[in-house]
Amino acid sequence: MITIKEITSKADLTTFVKFPFELYKDSPYYVPSIIKEELDVMNPKKNPVFKNAEAKYFLAYNKNTIVGRIAAIINWIEVNEQQKPKVRFGWFDVIDDIEVTKALLEKVADFGRKHSLEYMEGPVGFSNMDKAGILIKGFEELNTMITWYNYPYYQKHMERLDFDDAATWVEYKIKVPKETKEKVVKFAKIIKERYQLQLLKFKKSKDLLKYADDMFDLLNKTYSSLQTFVPIQQYQIEMYKKKYLPYLNPEYITCIADKNGKLIAFSIVMPSFSKALKKMNGKIYPLKFLHILKAQRRNDTAAFYLIGVDPEYQNKGVTALIFKEMNETFIRNGIEMVETNPELEENKAIQALWNDYEHEQHKKRRTYRKDI
């Protein structure tokens, strides 16, 4: 007998956050989130996204055993300003039992119907800056700090319940060349001189702060045409600054400005934290955080998280300048392989950037939708 319980207490929310630790305890590929960070994301007093969103969280039980979880989310900017009558679902984890999945998703549908919404889609977070998608390829790969992991049966559950494909993301492994290609060096020099561009590099993470708002502005401009896009609000930007700044190694950040000092492009790459986060196992107290500090300084793998280019400078070769700087950083720091963040399958412009490098499309993930 499956019963669904809506979460109403902090203790239950902690149970909700910890459920994947039990579900994936035997998986060598599951990389857990930091428990405190997950709780903060779901706390309206700490996450400013609740100024324009609301959420309910549910746990599924079989007798006294937890067998699944799900979050039902409404982003009111998406609904009211973008005219998408959608209820989102996320933080979806479940045992291999179609009845559990069906019962959890029905709670999401009920939440959407109560607000006169027309369809559900997920798994996604509150906005396009959050994790998204069910893994459908790459089950024998570690997930990154910005992706969810799941077992292969999740996709089968969605198909059996007649969900339609929504968005599909792909991820790549890219081998770092042992030296920067001469044609990249020459082309980067030409582009820099032609458009009178300035390369900005940083010694301390706090030096990045004065450019952070400009970076998010570029993100809004760069990705506004994509189907999953929801504009990033200023109060969300403030939260992301605090959340991700401790993880940044400034040497891996490249910013490019025009002759007047205006930011026109940037890339954010981090040493991979997947192995460090696995060792931390959800905890962040000082001794555990040493794994992150070690990963920042000694690593052979990096994660390519974000790139933004002002539309005025897109298709003008600016990325050659970014890639030149990145490649030289990788060589200096012993980085041998880079893993990209999830890229929408339709975003051919981003995927074309990897064509000059030895690469492999090693993961794929998808969101699903259904009328309610």
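Student: What share of the contacts with a separation of 6 or more comes from residues 24 or more positions apart?
Tutor: In this predicted model, residues 24 or more positions apart make up 77% of those contacts in the protein chain.

Student: How many helices and strands are there?
Tutor: The protein chain has 12 helices and 14 strands. Its radius of gyration is 21 Å, close to the 21 Å from the globule rule for 372 residues, so the chain is as compact as a globular protein of that length.

Student: What box do the C-alpha atoms fill?
Tutor: Roughly 65 × 45 × 35 Å, along the principal axes.

Student: And what percentage of the residues count as buried?
Tutor: 55% of the 372 residues.

Student: How does the lining divide into nonpolar, polar and charged?
Tutor: It has 4 nonpolar, 6 polar and 9 charged residues.

Student: Let's look at E339. Where is it?
Tutor: E339 sits in strand β12.

Student: Buried or exposed?
Tutor: E339 has a relative accessible area of 9%. The cut-off for buried is under 20%, so E339 is buried.

Student: Which side chain is joined to that of E339 by a polar contact?
Tutor: That of K363, at 2.8 Å.

Student: What else is E339 in contact with, leaving aside neighbours within four places in sequence?
Tutor: The list includes L142, T144, E171 and Y172. A302, A303, F304 and H362 are on it too, along with K363.

Student: New topic, helix α5. Which of its residues are buried?
Tutor: Helix α5 covers residues 153-160. Y153, Y154, Q155, H157 and M158 are buried there.

Student: Why might residues three or four places apart in a helix point the same way?
Tutor: An α-helix has 3.6 residues a turn, so residues at that spacing point the same way.

Student: What covers the buried residues of α5?
Tutor: The cover includes helices α1 (10-23) and α4 (98-114). It also includes strands β4 (86-94), β6 (134-137) and β14.

Student: What comes just after α5?
Tutor: D162, with a positive phi of about 65°. D162 is not a glycine. It lies in the loop between α5 and β7 (164-175).

Student: Is D162 buried or exposed?
Tutor: Exposed, because its relative accessibility is 56% and the cut-off for exposed is over 50%.

Student: What about the phi of W91?
Tutor: W91 has a positive phi of about 45°, and it is not a glycine either. W91 belongs to strand β4.

Student: Buried or exposed, that one?
Tutor: W91 counts as buried, at 5% relative accessibility.

Student: Last one. Which peptide bond is cis, with omega near 0°?
Tutor: The bond from G122 to P123.

Student: Where is P123 found?
Tutor: P123 is in the loop between β5 (119-122) and β6.

Notes
Residues numbered from 1 in each chain as written. Predicted model: local features only at pLDDT ≥ 70, side-chain atom pairs only at ≥ 80, totals over all residues. Heavy atoms only, no water. Nonpolar A, V, L, I, M, F, W, Y, C, P; charged D, E, K, R; others polar. Helix = DSSP H or I, 4+ residues; strand = E, 2+ residues; numbered from the N terminus. Buried < 20%, exposed > 50% of the residue type's maximum accessible area, 1.4 Å probe, protein only. Polar contact = N/O pair within 3.5 Å; in protein donor to acceptor, adjacent residues only side chain to side chain. Contact = heavy atoms within 4.5 Å. Rg over C-alpha atoms; globule rule 2.2 N^0.38 Å.
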